[in-house]
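Keep the viewer open as you read.

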Amino acid sequence: MILIMLGAPGTGKGTVAGILSKELGIVSVSSGDIFRKAISDKTELGKEVEKYLASGALVPDELTIKVIEARLLEPDLEKGVILDGFPRTTHQAEELEKFLKDNGKSITKVINLVTPKEEIVERIVNRRICSNQNCKTVFNMKLNPPKVEGICDKCGGELIQRKDDKEEVINSRLDTYYTETAPIEKFYEEKGLLYSTQISEKINRLADKVAKDVVELLK
Ligand code: ADP
Ligand code: ZN
């Protein structure tokens with residue numbers, strides 16, 4: 001099974017992917033996490049991509065595609081994968097299509113998360129993430145605060161704010177999303193693969209409900 005998570009930054013792709021990963025027993029791969037880990041490990045890849053993440057721009061297609069395709073060939077993904085954050089341009093989507101075809105695979109569904117823009121900005125500025133690489137639980141200082149300030153409920157790890165979750169970078173990330181990534185919706189819609197669904201506090205429809213609906217949909 002191959003699932004793609006689509007949606008603007010801050011819609012909850014990672015959270016929904018995490019629930020689906022447990023429910024479906026397949027690994028979730030986040031392109032953003034791969035890049036952030038490379039940056040913190042100070043690898044060659046990390047040095048190359050740092051400036052793009054800092055400004056909220058996309059990492060160039062060729063590099064991103066190379067990194068993700070290499071990851072997709074690893075044995076832990078044999079049963080399936082949830083791709084969180086890739087593809088993010090039409091070119092990446094086309095390349096993924098070719099790659100899967102060459103490997104005798106195809107996309108099962110594209111889950112497109114839809115949230116009003118005002119809610120997204122509010123969500124991102126309040127987002128804090130567990131710094132423990134094996135945990136990475138996401139909290140929201142307003143909606144879903146930790147029991148003890150700054151500390152992860154699950155593992156006791158320190159909560160941090162992503163550098164690009166600062167207000168200055170959020171608008172640039174959103175612009176990048178609407179101009180470069182949103183067109184992929186049409187690409188997948190035409191293939192009959194797109195499942196668009198609201199995820200919003202306003203209508204009390206959050207990650208657990210969305211994930212449940214996706215599991216139903218896949219039955
Ligand atoms: P979000 O969806 O919240 O913006 P991600 O963790 O998915 O966060 O991505 C963080 C950053 O990593 C992006 O702003 C971009 O610089 C880079 N990135 C992640 N995935 C891709 C991709 N598929 N193509 C190009 N750049 C990417
Ligand atoms: Zn934790």
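The largest cavity has a volume of about 40 Å³. Rolling a probe the size of a water molecule over the atoms shows where empty space is left. Here a cavity is a set of points, on a 1 Å grid over the protein atoms alone, where a 1.4 Å probe fits but cannot get out; a pocket is an open set with protein on both sides within 12 Å along at least five of seven lines, and lining residues have an atom within 4 Å of a point. Grid points are joined across faces, edges and corners, and a volume is the space filled by probe spheres set on the points. The count comes to one cavity of 30 Å³ or more.

Before going on, please keep in mind that this is a predicted model, in which local features need pLDDT of at least 70 and side-chain atom pairs count only at pLDDT 80 or more, while totals for chains, interfaces and linings use all residues. Residues are numbered from 1 along each chain as its sequence is written, chains are lettered from A and ligands numbered from 1 in the order in which they are written, and side-chain values use heavy atoms, with hydrogens and water left out.

Which residues line the largest cavity? They are M5, L6, G7, K13, G85, P87, R88, Y177 and T181. Helices (H or I, at least four residues) and strands (E, at least two) are DSSP runs, numbered from the N terminus. By class, the lining has four nonpolar, three polar and two charged residues; Ala, Val, Leu, Ile, Met, Phe, Trp, Tyr, Cys and Pro count as nonpolar, Asp, Glu, Lys and Arg as charged, and the others, Gly among them, as polar.

P87 sits in the loop between β3 (81-84) and α5 (90-102), and a cis peptide bond joins P87 to F86, with omega about 0°.

Open space comes next: the second largest pocket holds about 200 Å³. Its lining has 15 residues, and I2, L72, L77, E78 and K105 lie nearest its centre. Nine of the lining residues are nonpolar, two polar and four charged.

Now find the zinc ion (ligand 2), coordinated by the SG atoms of C130, C135, C152 and C155 at 2.3 to 2.4 Å. Donors are N, O and S atoms within 2.8 Å of the metal (3.2 Å for Na, K and Ca); water is not among the atoms, so sites may look incomplete. Along the sequence, the donor residues are spaced C-x4-C-x16-C-x2-C. C152 is buried, with a relative accessible area of 3%, whereas C155 is partly exposed at 37%. Buried means under 20% relative accessible area, exposed over 50%, and partly exposed in between (1.4 Å probe, protein chains only).

Finally, look at the loop between β8 (194-198) and α9 (207-218), where S200 is placed. Is S200 buried or exposed? S200 is buried, at 2% relative accessible area. N204 is found in this loop too, and N204 is exposed at 64%. Phi of N204 is near 50°, a positive value in a residue other than glycine.
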